[in-house]
Amino acid sequence: MTSLLFLLIATLALAGFALGRRRVLASARGGIGERVARPHSLPGYYGWYVALWSGLPGLAVALAWLAFSSPTLDRLTLFGVMGDAPRRGSAEQALFMNDVRNVAYGRAESSDAAVLAAARRFVALRERGVVATTAAALVASLVGAALALRRVAPDFAARVAIEGVVRRALMGSSALAVLVTAGIVFSLIFETARFFAKISPVAFLFGLEWSPQTAIRADQVGSSGAFGAVPIFAGTLMITVIAMLVAVPIGLLSAIHMTFYASPRFRNVAKPALEMLAGVPTVVYGFFAALMVAPVIRSAGEAMGLSVASESALAAGLVMGVMIIPFISSLADDAISAVPLSLRDGSYGLGATRSETIRHVIVPAALPGIAGGVLLAVSRAIGETMIVVMAAGLAANLTANPLEAVTTVTVQIVALLTGDQEFDSAKTLSAFALGLVLFAATLLLNVVALRIVQRYREKYD
Amino acid sequence: MRARLVGRRAAERRFRLAGAAAIGLAIASLAVLLVSIAWNGLSAFRTTEIRLDVDLAPQALGLPDGLSAADLPAALPGADYRGPLRAALEALFPDATDRRMRRDLSALLSRGASEDVQRALEKNPALLGRRVSLWLPADDEVDLARKGGIARAVPESERRLSDDQLGWIDALRAEGRLRSVFNWRFLTSGDSREPELAGLWGALAGSFLTLVVCLVIVFPLGISAAVYLEEFAPRGRWTDLIEVNINNLAAVPSIVFGLLGLAVFLDVASLPRSTPVVGGMTLALMTLPTIIIAGRAAIQAVPPSIREAARGLGASPLQVVTHHVLPLALPGILTGTIIGMGRALGETAPLLMIGMVAFIVDVPHRFTDAATALPVQIFLWADSPERAFVEKTSGAILVLLGFLVLMNAAAIALRRRFERRW
């Protein structure tokens, strides 16, 4: 039905285009083939003007139907069968409406009288809605086309009008970026507020025990419901530190070697190889960590007499470090290349070796850029999901031992939201609270990184 | 002084070596990763089949006597295929006497063998009543044994295959009734709980549909935003805000976009879970900043002289963009889009958040069918306990990496072919 409606609107718009174009050509002709007035724009623009004025109102009606029909139909149906339908408890209501919809669309059958009655009403309402929407769309298109056609005249600046519409559309799509950020912040804050209504923020941010079991029934055993997130933050921090300990030395030394010591042939091989490290999907890294790195670490540890968990923080941290190497390497490369040649040449001129120049002149000069790069890499490590979901543990464990299993913020978010808890419970809402913390932390790191680079960067020449 | 020089030269050499070692370590990690995945995964493309002589008598299949050719297609799905298959196996190995041995014998064959016999009958109904020799899929443990994955030295109680079963497998191989073929099922069938029947086609279709939705949304929006920010936006607070937002969004972890998709698309808008529509929209939000940044870079690369020449000939600002700047910037924009789509293909976390964790057997055909995506399928298989799924997961990773290599190669080829040096 919707595709038919869109087709109808498109046909009307096409007809409008043809009419508008013909109209301006006709009025520009006037008498017996002699030009009366020269149109302001090319004829096609007049066609587009009428097409837009007829297509956009119809489209708006159709989109309104698509967006609002579902909840409106639900509400009107429930309003009509008030006596029989389950009332309070949004979950029960949602289930009831689900049954009603399944029966109405012929996907399932039901023996419940209330459901059948509601389904009949739903179908009737929907049919009326479809007819009303089609009529409204048609009327809107025709009225729009008529109004536009009246404006079409040789002295009407159609091109300017069209370009104004296009420019506003372009501006709208760039405003979308702001809308997305606002959407993220708003949805996270909304759900987090619902969470903080059940659990106090202080208990969440500073509590030391994370065991998010909430009771499904009143008498359920094991529903301690402790929501202290400190072990999770500690786990995230530990894995990030291990990853940085791997990535920063290797990335920095790689960047330095490729800039100062490597031959062009070596660089042509090494640079694409490092970029390939960045292109491997993180789920592949996670599989590699879980299947190959963790057992190796485990057997190595047991050979040395240490007890290593099968999901040790070391395995996840090492692989995450490997994933971040190209990130740091390319950012450090940019920072080092930004240091002007004159400093390098001056140092050589004073008799320093290459390594002394790098250590005493180049790296200190490039340090703000490198530090900014490291902070950005930390932000990436904190937000990384798949490696830790597959290689790190699920139980919150407050420890400083990298051989034990810890859990991170992203693992908990995935575990809480892919389980089967009701959406209102504190358990699933805590996932949004963790998400907000994650978003705020990465945002803060990015802002600080940018600020450091801007403030401390030396302005040479 | 000379001693100090020697020391300094030594330090120089150590530093240089350290740098080379660092690069070597990074490349070695990549090599270990790729080689270990390939080592495990290449065998996923071959599977084992057993040749059995199956008696397709109507009585053995449980079909009523005197069935006409018109009624046959309706009756075939309900027929009993395990009976004739079991009989065929027991005919080969009459020494399987007690119940446990007979169960072990029939466990050598995959559950999917029944469907293969049914399909053979549907294709050629004349086979009914004859005794045919068919190549049928073997169970995943047999496949593992043929690939050398079962350690025979280990005591029987710790093995997945008993001594009898291993003996039967050797006998089948000696008689030429065991063969290894290319595993077409891996690429053409949907997911399954049985490793030997599990395939990627459902995941590939789901990924394709999701990426189509993502592309259709992100390409027009991203290019429009890039054009506006580069050509028309006035310098001011609003423009700065938009730019800052785009740069921040590019650095937001992908799971946060999954949370946004969950909260807005699934809860507020009540769109169906785990469908390519919602997955594509969530991935579009995630890829949008990348496309905008790539688009801006491509548009910036077009020299101002082109714009000024067009204005000089009387074009309006919008005409300059649509007739001159965009066509010239298009190769760069397309390259950036292909690379962005490649990244979106490998993303798992946002899709997990919008519900694509379910076990989907059917292959999705419409944008509103429940679907899974290739990286999510890898994630799900990695969790499966059967050992044969390790091989399948590695094989799926090889397929994913293959697609990524293809897309990146296309992007590089595009850039090399159409890039202009101004």
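Tutor: One term to begin with: a residue is buried if 20 or more other C-beta atoms lie within 10 Å of its own. The model is a predicted one.

Student: OK, what percentage of chain A do buried residues make up?
Tutor: Of the 461 residues in chain A, 43% are buried.

Student: What is chain A built from, in helices and strands?
Tutor: Chain A contains 15 helices and two strands.

Student: And what radius of gyration does chain A have, next to a compact globule?
Tutor: Chain A has 32 Å, whereas a compact globule of 461 residues would be near 23 Å. Along the principal axes, the C-alpha atoms of chain A fill a box of roughly 90 × 75 × 35 Å.

Student: Which domains does chain A have?
Tutor: The domain assignment gives domain 1 (2-156) and domain 2 (226-456) for chain A. Taken over C-alpha atoms, the centres of domain 1 and domain 2 of chain A are 51 Å apart.

Student: What share of the contacts in chain A is between residues 24 or more positions apart?
Tutor: That share is 74%, counting contacts in chain A with a separation of 6 or more.

Student: Switching to the inside. How many residues are in the largest nonpolar core?
Tutor: The largest nonpolar core has 211 residues, and among those with the most contacts inside it are A289(A), V319(A) and I328(A). Helix 10 (residues 313-338) of chain A gives the largest share of this core, 17 residues.

Student: What does I328(A) touch?
Tutor: Leaving out residues up to four places away in sequence, I328(A) touches A247(A), V248(A), G251(A), L252(A), G373(A), V374(A) and A377(A).

Student: Which residues are in the second core?
Tutor: That separate core has 23 residues, including L5(A), L12(A), W53(A) and A140(A).

Student: Now helix 7 of chain A. Why is it called largely enclosed?
Tutor: Because 23 of the 31 residues of helix 7 of chain A are buried, the helix is largely enclosed by the rest of the structure.

Student: And how far apart are its end C-alpha atoms?
Tutor: They are 44 Å apart in helix 7 (residues 230-260) of chain A. At 1.5 Å a residue, the 31 residues should span 45 Å, so the two values agree.

Student: On to chain B. How many of its residues are in contact with chain A?
Tutor: 66 residues of chain B are in contact with 67 residues of chain A.

Student: Which helix of chain B gives the largest share of that side?
Tutor: Helix 1 of chain B does, with 19 residues. The residues of the side of chain B that touches chain A divide into 49 nonpolar, 13 polar and four charged.

Student: How is chain B divided into domains?
Tutor: Chain B has domain 1 (2-42), domain 2 (45-182) and domain 3 (201-418). The centres of domain 2 and domain 3 of chain B, taken over C-alpha atoms, are separated by 46 Å. Their contact takes five residues from domain 2 of chain B and four residues from domain 3 of chain B. On the domain 2 side, the residues divide into two nonpolar, one polar and two charged.

Student: Last one: where is E243(B)?
Tutor: E243(B) is in helix 11 of chain B. With 17 other C-beta atoms within 10 Å, E243(B) is partly exposed. E243(B) and I292(B) are 49 residues apart in sequence and 10.0 Å apart in space, C-alpha to C-alpha.

Methods: Residues numbered from 1 in each chain as written. Chains lettered and ligands numbered in written order. Predicted model: local features only at pLDDT ≥ 70, side-chain atom pairs only at ≥ 80, totals over all residues. Core = buried A, V, L, I, M, F, W, Y, C linked by C-beta atoms within 7 Å. Buried ≥ 20, exposed ≤ 12 C-beta atoms within 10 Å, placed from the backbone. Helix = DSSP H or I, 4+ residues; strand = E, 2+ residues; numbered from the N terminus. Contact = placed C-beta atoms within 7 Å. Domains from an automatic or database assignment. Nonpolar A, V, L, I, M, F, W, Y, C, P; charged D, E, K, R; others polar. Expected span 1.5 Å × (residues − 1). Rg over C-alpha atoms; globule rule 2.2 N^0.38 Å.
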